[in-house]
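Visitor: Could you walk me through how to read some features of a protein model?
Guide: Gladly; let us look at it together.

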Amino acid sequence: MRYEHSAAQGDQGVTFVKLLIERQLGWIFRYISGPDVGIDGLVEQVKDGEVTARWISTQIKSGSSYFSESGRDGVVFRDSREHLDYYLQHDCAVVVILHHPETDEAIWQWVDQRTVVETQKGWKLLVPHDQRLGASTAGAWSRRLRGRRRPPLLADLQPVTTVSDGSLATIHDVLESAEHSLLVSAPHLSVEMLALLEFVASRLDVRVLTSEASLAAPILRMARPERLALRIVEQLHAKMFVVDNEAACLTSANFTNRGAASSAREVITIVRAPDVVEGARQGFEEAWMNGRPASYFDLT
């Protein structure tokens, strides 16, 4: 199976932006998996060490070609009308981030009625050179979030965000709450997590996606394909569960004790909004179809 350079460059750009946001802003970046509708990740504001449940949606473009229309004031970014309609109706503020892979320059601009200029083929906006993604960006983004009124959610559909206490206890609670089915996307697995998944699989339908990197870990040799449906995906970023097709658990932590304990800022968000859960399920199913079954030879 071919892995195109453009796809690799896009993945690298998203990863670079994720690290920049988490290290420079101290905010939380979560990948969006599934069908490509123009949003690469959600960024949650962190204020005084607390998550705020205020989000910014990001469209990230990486490549020197995106800087081809560069002038004195900034870079012209162009896109399709279909994406613009989606961005302007989005519940979250949307920001375009351009990343230059040769210089690692990352600049950004809001997508809204003030910045967008419609064209015959779609739309364009100017991404200023001086709006570099970095520590100072937190102030500008925070001011934008203060000005946005969030649509109310029904109490039982509101996301619940918890901060890791240095263990996998919260993740265990989510897994054990499943009654019918469990979909797991986990780039990295621990012995404890693997054992728990096999135990849960004894009473309900469990499917697990993991990465090629996990195959090098000795712990996966304990997996028993006859008990646990496991598939391998070459490039897997999403860390999530879908429980009974009713709740999605999104996390920035690896599903290992070391991963959960590595930072007090790792968070776990449980979402029950039907459209979010369905999007997570569809993303999993697409990755499942593209993954390859883990054979006995992979795991020995």
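Guide: Let us start with a charge over a ring, which is called when NZ of Lys or CZ of Arg is within 6 Å of the ring centre and within 35 degrees of the ring normal. Here arginine 144 lies over the face of tryptophan 110, 4.4 Å from the ring centre. Likewise, arginine 207 has its charged end over the ring of tryptophan 288, at 5.1 Å from its centre.

Visitor: What should I know about the model itself?
Guide: This is a predicted model, where local features need pLDDT of at least 70 and side-chain atom pairs count only at pLDDT 80 or more, while totals for chains, interfaces and linings use all residues. Residues are numbered from 1 along each chain as its sequence is written, and side-chain values use heavy atoms, with hydrogens and water left out.

Visitor: Which residues of helix 8 are buried?
Guide: First the terms: helices (H or I, at least four residues) and strands (E, at least two) are DSSP runs numbered from the N terminus. Buried means under 20% relative accessible area, exposed over 50%, and partly exposed in between, with a 1.4 Å probe and protein chains only. In helix 8, Val277, Ala280, Gly283, Phe284, Ala287 and Trp288 are buried. Viewed down the helix 8 axis, these buried residues fall within an arc of 135° (taken from the directions from the axis to the C-beta atoms), so they line one face of the helix. On the other side of helix 8, Pro274, Asp275, Met289 and Asn290 are exposed.

Visitor: How do I read an aromatic pair?
Guide: Two values describe it: the distance of the centres and the angle of the planes. Rings of Phe, Tyr and Trp (its six-membered ring) pair if their centres lie within 6.5 Å; planes under 30 degrees apart are stacked, over 60 edge-to-face, and the rest tilted. That rule gives nine aromatic pairs here. For phenylalanine 29 and tyrosine 31, the centres are 5.6 Å apart and the planes at 80°, so the pair is edge-to-face. Tyrosine 86 and tyrosine 87 make a tilted pair, with 6.3 Å centre to centre and 50° between the planes.

Visitor: Is tyrosine 87 buried or exposed?
Guide: Tyrosine 87 is buried, at 2% relative accessibility, whereas tyrosine 86 is partly exposed, with a relative accessible area of 35%.

Visitor: Which tryptophans form one aromatic cluster?
Guide: Trp27, Trp108, Trp110 and Trp141 do, and Trp110 is the ring that arginine 144 lies over.
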